[in-house]
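Here is a short tour for anyone who likes to look at a fold residue by residue. Please keep the viewer open as you read.

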Amino acid sequence: MRRPIHNILLVYPEVPQNTYWSYKHTMPFLNKKSAMPPLGLITVASHLPGHLSLRLVDMNVAPLRDEDLLWADAVFVSAMIIQKDSFARVVSRATAMGALVVAGGPYPSGSHEEIHGVDHFILGEAEEIIGPFMQDLLAGNARFLYKSEGKPSLETTRVPRFDLLNFNAYASMSVQYSRGCPFHCEFCDIWKVYGNKPRLKSVPDILKELDALYALGWNGAVFIVDDNFIGNKARVKKELLPALISWQKAHKYPFRFYTEASINMAEDDALLALMRDAAFNEVFIGIETPSAECLSETGKIQNLKTDMAAAVAKIKSYGFEVMAGFILGFDSDTEDIADRQIAFIQKTGIPRAMVGLLTALPGTDLYNRLKREGRILRASSGNNTDCGAANFVTRMDPEKLREGYCRVLGAIYDEDLKSYFSRCNTVLDQTAGLPYASRDIRWHEVKILFRSLARQPFTPYGWQYLKFVARNLVRHTGSIAEVIKFTVIGHHMHYVTRQTLRAARLEAAEA
Ligand code: SF4
C-alpha cells in the first residue's frame, strides 16, 4: 500500500565529469558546482499542484542524501542518456527507501523499455500530460505510462521554478524560447521529437522568466537552450530580439545570452546586429565536418549552401565567440578527414570545438537507416567523445577511425595547449573592441583570475598559458574578462582530452 503523496523530490542525476560539455574542471575556478541548472525538472515543478511540498536535488551540485529520499513520498527523476548510470542508481535507492518513482526526460522518453524499477513514466513533452497524471496519481489510480502524443503549444508553459535552485552553485542560468528545428539532419533527434515547425513562447512569457531570474538576484550568463534559436527567424527578429533589447536596457544589461543556432544566421546582418544589441556573446553552431560529401550524406543542407569559414568569420565580426560541433564517422569520411577537421578548426579560430564520433540515437533517420542495413551494434552511451567506438558498423576501419578521432583531440587540445591558445588569440584579435567581447571586468572575474594565476602556471601547459595571458593583457586590455574565460575553459578541455586519450590508449592496448 503506497503512502499518500505530499512530498515530491525532484532529482537530476549526475552528468559524468569527463565530458567536454560538463565544464566540471572549470567550475573550481568559478567557485561554482555546475555549468547550468536542470531546466526540464524545474519546468515540470511549475506544473505540479501548489499544495505539494517540493525539494530539488541536482546531484551535480549536491549529493542525494538518504534523508531526502526518506522525506519523499514520490521521486521524480529526469535524465539524458549520458546520465543513465546515475539514473539507475537513483531509481534503485528511491525504490529501496519505499518512494514511488516517476521518470521522464530524454533518456526515459527514448528508451523506457530498457529501464526497470520505475513506477510511472512521463514520456515526451510534459506540459499536457503532467496535469492528468498528477490528478490520477493523487486519486491513487495512475497508469504506468503517460505519453505526450501531440506537440504542445509553448504558450501553456509556466515560469520554471527558479526559486528551487541554489543560484550560487551555477555558472549560468537557462531559459527556453522555442522547441523544434526546420532542418532535417539525419543524425539529429531534435526535429523528430520536437517537430520541424518551431513552437515559440510568447514574448511576454519569456520576459516573465527573465523577470523571475532578475527578481531572484541573478546577474550573469543566461543560456537560451533552444536547439536552433533562429528556427523561426522572422519572429525572433521581429518580436523577441527587440523585446530583449528593451528589457536589457531597462534593467541595465544584467544578462549575457548565449545559444545554439544554425549557420544560416551568418546570412542575416540585421539578425546579428539585433543579437549583439541584446547582449548575446557566444553562439554554438553545428558545423559537423568540412567535407561536402559528408554534409550531403547527413542532409545538413544549410552548411552546404555557404562558405562555412566565411560564415564563422562574419558571426565573429559581430563580437560573438563561435563554439562549434564536429563529427567523425560518416560513411563518406575519407582517411584524411582527421587532418581536414584539424585544419578547419585551427584556420577558423574556434577555441571550443566539440568533436565527437557519430552516434546513432534511437528514433533518428540515421538509426533507422543503419538498422535497415543491419549495422546497429549497441545502444548509444550518449557520450559521443567515448573513444570506445561508434555504436554501429562504420564504413571506415574502426581502428583508423579511433586513431583519427584521437589525433583530432590531441591536436586541437594539445599537451601544452599551444593550438588552443592560438585559436583564442584569433578570436580576441577578431573581436577586439566589439561590445560584450570588450567590457569592464567584474569583481568575481578578478577572483577567477587570481585562482587561475595560483594554479594554471604550474600545469603542463603553464608556459603557453603565461604567454597567452601576458600577450592579451598588453594587446586586449578591454577583453580581460574574455581572456580569463578562455584560460579556465582551456583547463577543462585539457583535462578531459588527456583522460579521453588515456582511456583510448588503454582500450587499444587491451584489444
Ligand atoms: S540544424 Fe541542428 S537542431 Fe536542426 S536538425 Fe540539424 S542538428 Fe538538429
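## Two residues with positive phi

Leu417 sits in the loop that links α16 (398-412) to α17 (418-431). This residue is not a glycine, yet its phi is positive, at about 60°. Leu417 counts as buried because 27 other C-beta atoms lie within 10 Å, and the cut-off for that class is 20 or more. Bear in mind that this is a predicted model.

Lys252 also has a positive phi without being a glycine, with a value near 60°. You will find Lys252 in the loop between α9 (233-250) and β11 (255-260). Is Lys252 buried or exposed? It is exposed, because Lys252 has 7 C-beta neighbours inside 10 Å.

## The nonpolar core

The largest nonpolar core holds 148 residues, and those touching the most other members are Val11, Val75, Val77, Val101, Ile315 and Leu328. Helix α20 (residues 480-510) gives this core its largest share, eight residues.

Take Leu328 as an example: beyond its neighbours within four places in sequence, its contacts include Ile337, Leu357, Leu401, Tyr405 and Val408.

## Domains and their contacts

Nine residues of domain 1 contact twelve of domain 3. On the domain 1 side, these are four nonpolar, four polar and one charged.

## Around the ligand

Which residues surround the ligand? Among them are Cys181, Cys185, Cys188, Trp191 and Asp227. By class, the shell has six nonpolar, three polar and one charged residues.

Conventions. Residues numbered from 1 in each chain as written. Predicted model: local features only at pLDDT ≥ 70, side-chain atom pairs only at ≥ 80, totals over all residues. Contact = placed C-beta atoms within 7 Å. Nonpolar A, V, L, I, M, F, W, Y, C, P; charged D, E, K, R; others polar. Near = placed C-beta within 6 Å. Core = buried A, V, L, I, M, F, W, Y, C linked by C-beta atoms within 7 Å. Buried ≥ 20, exposed ≤ 12 C-beta atoms within 10 Å, placed from the backbone. Helix = DSSP H or I, 4+ residues; strand = E, 2+ residues; numbered from the N terminus.
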